[in-house]
Amino acid sequence: MAHRIAYAPCTRCRTSTDLTPTKDMLKYYEERSEHNGGLIVFEATAPIKDYGIFPPTSPVIETPDQIMAFKKIVDSIHEKGTFVSLQLWNVGRLSMTPGLPCKSPSKIYETKAKREMLNDLGIELEELTIEEIKQIPNVFASAAERAINEAGFDFIEIHSAYGNLLDEFLQNSVNHRTDEYGGSIENKARLVLEVLDECIKRVGGHRVGIRFTP
């Protein structure tokens, strides 16, 4: 790298209706990688569509078309001598998209107004089952493999901040579980660490970062 300055992720929601990166996204990242030489952290991206999108159209890296569209952007960034990391998330109870799951560690809505908003959209918040939780590390790690091995990203960043699902597991106000994923600090951190460990196992610790917020 030419310097240690990183361009933080900015969720611009400029994908197509099938959540594939567009020419507008390509132009956006081309402009920001010009004369950069540092690191760009790509905007929050869901490993699979069922992990939620941020209205109206945050990206997903699941299908061959989506992967190829990401690769065009990554190749353009690399051509300008800049590195790029993909931020992976599960939206959790932030989801507001009809037809997609809205799930959290516990069935606790953010606010009464948010509950009414979701009701108007025909969406009900659900508590994750143990079986669903156990699948999450593999889903994140598989997306990390697609991002690095197929789309060409240099790194991935696990997004565990700002109220998305992984952050929800860490928060006393949201995680009221009494099983192995709730209660003690160790239990609340269990899923985040399992996701981190599985991603490291699949793509290497030198390619994995994680983001927290207070």
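Biologist: Where is Cys13 found?

Modeller: Cys13 sits in the loop between β1 and α1. Helices (H or I, at least four residues) and strands (E, at least two) are DSSP runs, numbered from the N terminus. This is a predicted model, in which local features need pLDDT of at least 70 and side-chain atom pairs count only at pLDDT 80 or more, while totals for chains, interfaces and linings use all residues. Residues are numbered from 1 along each chain as its sequence is written, and side-chain values use heavy atoms, with hydrogens and water left out.

Biologist: What is the phi of Cys13, and is Cys13 buried or exposed?

Modeller: Phi is positive at Cys13, about 55°, although this residue is not a glycine. Buried means under 20% relative accessible area, exposed over 50%, and partly exposed in between (1.4 Å probe, protein chains only). Cys13 has 14% relative accessibility, so it counts as buried. His35, in the loop between α1 and β2, also has a positive phi of about 55° and is not a glycine. At 76% relative accessibility, His35 counts as exposed.

Biologist: Which peptide bond is cis?

Modeller: The bond from Pro55 to Pro56 is cis, with omega near 0°. Pro56 belongs to the loop between β2 and α2.

Biologist: How many bridges join β1 to β2?

Modeller: Two strands pair if DSSP finds at least two bridges between them. Strand β1 (residues 6-7) is joined to β2 by 2 bridges, and the strands run parallel. Ala6 has Leu39 of β2 as its bridge partner. On β2 and strand β3 (residues 83-88), the pairing is also parallel, over 5 bridges. There Ile40 is partnered with Val84 of β3.

Biologist: Which helix lies on the crossover from β2 to β3?

Modeller: A crossover is right-handed if, with the strands pointing away from the viewer, the path from the first strand over the helix to the second runs clockwise. From β2 the chain passes through helix α2 (residues 64-79) to β3, in a right-handed β-α-β crossover. A right-handed β-α-β unit is also made by β1, helix α1 (residues 23-33) and β2.

Biologist: Why is β2 largely enclosed?

Modeller: In strand β2 (residues 39-45), 7 of the 7 residues are buried, so the rest of the structure largely encloses it. In general, side chains in a regular strand alternate between the two faces of the sheet.

Biologist: How many aromatic pairs are there?

Modeller: Rings of Phe, Tyr and Trp (its six-membered ring) pair if their centres lie within 6.5 Å; planes under 30 degrees apart count as stacked, over 60 as edge-to-face and the rest as tilted. The count by this rule is 8 aromatic pairs. One of them is Phe42 with Phe70, edge-to-face at 5.3 Å centre to centre and 65° between the planes. This pair links distant parts of the chain, with Phe42 in strand β2 and Phe70 in helix α2, 28 residues apart. Phe42 is buried at 0% relative accessibility, and Phe70 is buried with a relative accessible area of 0%.

Biologist: How much space lies in the largest pocket?

Modeller: On a 1 Å grid over the protein atoms alone, a pocket is an open set of points where a 1.4 Å probe fits, with protein on both sides within 12 Å along at least five of seven lines; lining residues have an atom within 4 Å of a point. Grid points are joined across faces, edges and corners, and a volume is the space filled by probe spheres set on the points. The largest pocket holds about 210 Å³. Its lining has 16 residues, and Asp50, Tyr51, Asn90, Lys103 and Leu128 are the closest to its centre. Helix α4 (residues 130-150) contributes the most to this lining, with 3 residues.
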